[in-house]
Structure formats: structure tokens, C-alpha cells
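Student: Hi! Could you walk me through this one while I have it open on my screen?
Tutor: Happy to, here it comes.
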Amino acid sequence: MTAFDVLDPGPLLLIEDLGRPGSAHLGVPPSGAMDRASLRLANRLVGNAEGTAALEILAGGARLRARGPHWVAVTGAWGDVRTDGRPLPVDRAVLLPHGAILEFPVPDRGLRYYLAVRGGIGGADALGSRSTDVLSGIGPDPLLAGDVLVAGPVPALPVPPIDEAFTGPPLDGLVRLRLRPGPRTDWFAPGSMQALVDGEWRVSPASNRVGVRLEGEPLRRVRDDELPSEGMVAGALQVPPSGLPTILAADHPVTGGYPVIAVLVDADLDALGQLRPGQPVRFTRATGFA
Amino acid sequence: MTRSILPYGDRALLVQVDSLEEVLALYPAVDATRPPGVVDVVPAARSILVTVEPGVLPLRRVQDWLSALPPSRAAVRNVEDAVVIDVVYSGPDLDEVARVQGVGADDVIAWHTGTPWRVAFSGFAPGFGYLTAGSGRRIVPRRAEPRPRVAAGSVGLAGEFSGVYPRESPGGWQLIGATRARLWDAADEHPALLMPGRTVRFRAIPP
């Protein structure tokens, strides 16, 4: 069943689900939604299974037209999302009439909207996922104006009358992310973990789904030989010779040759996916057992 | 032989060993004994990354499992199981590789086709296997200037490894030949021709 016409994809309009973990040994990045909690919530709101494919809408400018009535839910970034010029309620299921036009402006908070449609966004799976991986090129191409999106079969669950999960908007201003030690703390000058935690960092505009780059006071490496390539995870703080960490994200390469000083706790990857260029970041040490 | 288990956030551990041979011996053992809750087992040059769902498999149990695991004894596979890749040896760097090794191009081809290779690990691109020749290894420097475009199917050498580019990409490996073999097909149930642990033989064919 036809779901949407893409009138304008904005800066980057992608189909994403929970990605394709389990194939890293073949060189396949995990990919999937940058903000998994928002993807899950959007799907729950329309009665889909949580990992159903939906749209990940980067920043502002995207415009879509509904084909046929569809239950949808918008989550993630907070902005003045409109349907036919009127404000669209977010974080709840909405029945869009045929022909309704959805507009996604530059968000006031966060960076990525998620739009789930009842039945999910249809298409072919690659390695068990419909996600677009911008690094490896696996999955559908980024969406373009004129693309027509189809909805999958209507799920067995009804549209729930209310969803009990309230996530709140993405954080404005300073964001605190929790760290655990990585495998290569010994590649850095003594006190580097403390410098990482004490430092004030900013999100570089050169960030994307492969990695979120940080600006700040460079960390000092004590070794400058080449690290034999080793496996990487989303959330790893990889430190190239510049000393400025890149936090690897969903579409990260499966192996890398820069030392990893620390790793975000898994639960903070969703906040990572909503960081805006220029946004200040501080790190704290995670407590308790892993 | 020393094995260290290094921390890697709240859902992974990194097993570090001293040599690629130890990775080759340990990876099949890790893969064959993986308990429920393991998400990925990623071999690399001197390490194996294990990622888990901590709610199913706590890291403490992963640590116990990986510390106690004996390496696989069946590290050398029957070469009858080898994937055979037909190659036209006319790559643009064949003569340069021969010159660096102080041999003729024919000798490079005889070595490359006469050696059983093994997929040590993947990376760089989906389906790109780092192939090791074990005791038959020859070290080949990377190109000083990477090429902006290397065609899919290009067969290359770099460091102690050989590899085949699954798709067109930039690349700094020395290119000695080309194959029509399909290295990667995302739509296939088994998308990668070369998986870690597989034996590979190259066969020279005329252009």
C-alpha cells in the first residue's frame, strides 16, 4: 500500500530500523536508527513491532505527502512539525488523511525526527535489515524527491489508545554522556581519562552517522606507532593523532586503527544521535558494574 | 603466548593476543562456543572483539568464558575446502611488487597461486577479507599514494596480507591482478564469499 510521496528529502532522509548487528565479522557495520529509543517509541505508538522500519529525518526541510489515510507517529527531535499548515501532535498516534502534507522544520531540540507509519516502511531487506548504511552502501539509497514509499501489512496489534512511555524532548544546551574505559587507555598520557572528563567538548559540524567528532583540548597520546586494526563498537571514543576524539556511531567501520580511550554506555547512544553541531558535551564516569 | 582481556565499555570485551596465528587459532574456538547473548565476534590482526547483550550474558561471564577457552587445534583446514578464485595477473603494480621482492613477475604469480591463503578477518568494506599466507608470507609495502579509484575485483597485496576489493573504492594496496569472482552480494543469504577461517587459493587464468 502506498504510504508517502517524498516531496523534499531535506538534508538526509533515510529508512532505518534497528540495523543489522551480528554481521560485523563480514565487515558489515551495525547501522540502524541513531536514536533507537525514539524509533521504538514511534513504532509502539502506531502498534508496530518496535524494530519496524521507519523514516529518520535529519534536521529541517523534509516534506512528505500522505497517500491514503495512514496512522503515523513522530518522535525524536522537537520542532514545529506541521500537517497542512497546522501543528502536528508529536509522541502520539495521528491519523493522516489522504493528501495531507507533512513538513519538518529545523528542530528546536535534537537533530533527527522519526516518523513511523502503521505497517512500517516497506522494501527489501539486506542482511535482515532495511536500514540505510551510509558508510558501506548497504540498504536502500537515501531518499530523493519523487520517491514513493510503501507501507507494509497492517500489524495484528491495534493502535494503542495511549503509550505510557514518556521520553521528553532531546536535551538543549549541555549534554552529559557517561563513559566506561576502553581497551587503549595506556596509549594516552597519565591523567587523560580525567582530562576527558574535565574537558569541555563541542560537537563538530563534520559529524555524521559514521561518527560524531568533538572539538576541544586535544588528548595527549604517548604512543604514535600504528595500532593493529581492531574491532570497533558504536560509542567508542577513537582518538586519531590530532588528539580530538570521534565517537563512533551507527554506521561505524567494523575495525579501526586508532586507539579507543573510552566507550559511551550503550544507553547514551540515543542522546548521541540527537546532538547538534556546536552543542556542548561533558563526560562523566559511569558507575556500577557493567 | 599471552592473552589479555581488555575492557570495552558496557557491552563488549577485547581479547588481545600476540600474533595473527593466535587469532587464527582462537577465533574458531570462540565462534564455536559462543553462549546465548553474544551479538558479534570480530577477529582482527591481534585481537578478537566480542559484543554481547549484557542483559542476557553479563560481561563477568564473558570474561570467564574467554579467559578459560583453549585455542582450536584444528586451525589448519583441509585445503580441499578452499574457495578458488580465478585471477588474471596483469595488475598495474605487479612489476613493482616483483622489483621490491627482487624477483620476476612470474615468481610473484607462482607464489600467490602456490600459497594456501586463509581469511584472517574482514574489514575496510563488507566482504573484504584480509588473507594471510602464514609461514609463506611476504611483506609488501602499501603504495605511497593511494589510488582514488580501485575497480571491484582488483587483487592486491599490502603488508603481510592479500585481498580482493569487493566493490569500487579508494585503495592503497599494490594491485597484481583482477578477478570476476563476486565477493559480496548483500541480497544473498551468504553475502560474503570470504568469511574468517576460510581457505582461499588463487588460480592464474589467461586474460
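Tutor: One term to begin with: domain bounds come from an automatic or database domain assignment. This is a predicted model, where local features need pLDDT of at least 70 and side-chain atom pairs count only at pLDDT 80 or more, while totals for chains, interfaces and linings use all residues. Residues are numbered from 1 along each chain as its sequence is written, chains are lettered from A and ligands numbered from 1 in the order in which they are written, and side-chain values use heavy atoms, with hydrogens and water left out.

Student: Thanks! Which domains does the assignment give for chain B?
Tutor: Domain 1 of chain B covers 4–68 and domain 2 covers 79–204. Their C-alpha centres are 27 Å apart.

Student: How many residues of each are in contact?
Tutor: Nine from domain 1 of chain B and 10 from domain 2 of chain B, counting heavy atoms within 4.5 Å as contact.

Student: And what area is buried between them?
Tutor: About 720 Å² between domain 1 and domain 2 of chain B, with 63% of that from carbon and sulfur atoms. Buried area is the accessible area (1.4 Å probe) that two parts lose on being put together, summed over both. On the domain 1 side, B:L20, B:L24 and B:P43 supply 57% of the area buried against domain 2 of chain B, more than any other three residues.

Student: How many salt bridges there?
Tutor: Two between these domains of chain B, where a salt bridge is a side-chain nitrogen of Lys or Arg within 4 Å of a carboxyl oxygen of Asp or Glu. Separately, I can point you to the pair B:R46 and B:E160, whose side chains meet in a salt bridge at 4.0 Å, N to O.

Student: Switching to chain A, what are the domains there?
Tutor: Domain 1 of chain A is 2–150 and domain 2 is 175–285. The contact takes 29 residues from domain 1 of chain A and 17 from domain 2 of chain A.

Student: What's the buried area between those two?
Tutor: About 1,700 Å² between domain 1 and domain 2 of chain A, 52% of it from carbon and sulfur atoms. The salt bridge count between these domains of chain A is four.
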